[in-house]
Amino acid sequence: MAPYGILIWAVITAVLASILILASHVHNARRNRTTSVAFFHPNTNDGGGGERVLWCAVKAIQEESPDLDCIVYTGDHDAFPDSLLARAVDRFGVELLHPPKVVHLYRRKWIEESTYPRFTMIGQSFGSVYLSWEALCKFTPLYYFDTSGYAFTYPLARIFGCRVICYTHYPTISLDMISRVREGSSMYNNNASIAQSNWLSQCKIVYYTFFSWMYGLVGSCADLAMVNSSWTQSHIEKLWGIPDRIKRVYPPCDTSGLQVLPLERSTEYPAIISVAQFRPEKAHPLQLEAFSVALRKLDADLPRPRLQFVGSCRNKSDEERLQSLKDKSIELKVDGNVEFYKNLLYRSVLTIFMHLFVFTMKWQLVYDEFLKLYLQKSKN
């Protein structure tokens, strides 16, 4: 029994030593906490609405509370204060008062979807805790501001003595996702093999139910949660159970550049423009399929319209997703009528809108057909 006793005591000693080391890190971080706001946004090159929210939030704090330093946690090693200042203007037309400080993170792979071929959602969630540990150990702010939707980091931020603020664009898990699995619907978060198996569907429902419980637990640690829509607010209130700390703040969409465009402008062809990041939940393949069907229903004497995808790629997975869309357009024989624009500057996006076709009644019918087919396919 002696060897087993020694082994048990060795394990207990190692665990206690680890706990003491972690507690020491937390204690030192809390003691050195500074009066600042740190934004947890590991992908500062994602180019989507989340990044725009980041820069608008930084600008708002610089204007309203100039005594607070703004820090950005980023996994982009080519991101520096001046480059982020320029990016905010070039990509989103947001002019910061001065460059934000930067804390580089080196464990971002733990939140990449490619790291978790299975159980991606829970893998990324726990991975975000590991990444936020690195962030908070390197720099501990008074206010921890999550603009990327990593709710599992909130309890850790609270342990480090931070006040937790977040802007949630979309819940990590929603009641709709559980309903789709229960109904056997095949979508980006529920592949066909699971949808067609009753046993696998039941297992996934248990997994989703357990995850939604954990998501509610960690989300309730937020001191202030901002959401971008009434739909998101409804789901977050049900999941997190803190309705008094949830505020609806609509996304800071800048329309000033669009307002100066003339209402009447000539163009060579009608175009449907789809603006969204190249991510699975954006349902780009469905748009391609609906466009293909709409083209076949178009009168032969009319010029062919074009479908223009405008979006950004954060990583290799997004690049592969974009290439898959290009391949699908060839498969559907619509590649001559589909255009892809990746990682455009703000002024380039405005240029595309400048050439947007103003629909006459005849072309409005084509657009209506495309929209109807897309909605029908998204429900199936």
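**Entry 1. Helices H4 and H8**

I noted that H4 and H8 run roughly parallel to each other, because the angle between them is under 35 degrees. The model I am reading is a predicted one. For the pair H4 (residues 120-138) and H8, I looked up the packing angle, which is about 25°, and the distance between the axes, which is 11 Å. The crossing of H4 past H8 is left-handed.

I then listed who makes the contact. H4 supplies Met 121, Ile 122, Ser 125 and Phe 126. From H8 come Tyr 207, Tyr 208, Phe 211 and Met 214. Sorted by class, the contact of H4 with H8 has seven nonpolar residues, one polar and no charged.

**Entry 2. Helices H8 and H9**

I turned to H8 and helix H9 (residues 230-240), which pack at an angle of about 90° with axes 8 Å apart. H8 is therefore roughly perpendicular to H9.

On the H8 side I found Ser 212, Tyr 215, Gly 216 and Gly 219 in the contact. H9 brings Ile 236, Leu 239 and Trp 240. I counted the classes for H8 with H9 as four nonpolar, three polar and no charged.

**Entry 3. Nonpolar cores**

I asked which residues of the largest nonpolar core touch the most other members. They are Tyr 73, Tyr 144, Tyr 154, Tyr 215 and Trp 240, out of 44 residues in that core. Helix H8 (residues 198-219) gives the largest share of this core, seven residues. Another core lies apart from it and has 22 residues, with Val 37, Phe 39, Val 53 and Ile 165 among them.

As background, I wrote down that nonpolar side chains tend to be buried together in soluble globular proteins.

**Entry 4. Around Tyr 144**

I looked up what Tyr 144 touches, leaving out residues up to four places away in sequence. Its contacts include Ala 38, Phe 40, Tyr 73, Ser 132, Leu 136 and Thr 153. Tyr 144 also touches Tyr 154, Ala 157, Cys 162, Arg 163, Val 164 and Ile 165. Tyr 73 and Tyr 154 from this list are also named among the residues of the largest core that touch the most other members.

**Entry 5. Whole chain**

The chain has 14 helices and 10 strands. Of its 380 residues, 45% are buried. I also checked contacts between residues at least 6 apart in sequence, and 72% of these join residues at least 24 apart.

Key. Residues are numbered from 1 along each chain as its sequence is written. This is a predicted model: local features need pLDDT of at least 70, side-chain atom pairs count only at pLDDT 80 or more; totals for chains, interfaces and linings use all residues. Side-chain values use heavy atoms; hydrogens and water are left out. A nonpolar core is a set of buried Ala, Val, Leu, Ile, Met, Phe, Trp, Tyr and Cys residues joined through side-chain atoms within 4.5 Å. Buried means under 20% relative accessible area, exposed over 50%, partly exposed in between (1.4 Å probe, protein chains only). Helices (H or I, at least four residues) and strands (E, at least two) are DSSP runs, numbered from the N terminus. Contact means heavy atoms within 4.5 Å. Axes are lines fitted to C-alpha atoms, for helices over the stretch in contact, and angles run from 0 to 180 degrees between N-to-C directions. Angles under 35 degrees count as roughly parallel, over 145 as roughly antiparallel, 65 to 115 as roughly perpendicular and the rest as oblique. A crossing is left-handed if the near helix is turned anticlockwise from the far one by less than a right angle, and right-handed if clockwise. Ala, Val, Leu, Ile, Met, Phe, Trp, Tyr, Cys and Pro count as nonpolar, Asp, Glu, Lys and Arg as charged, and the others, Gly among them, as polar.
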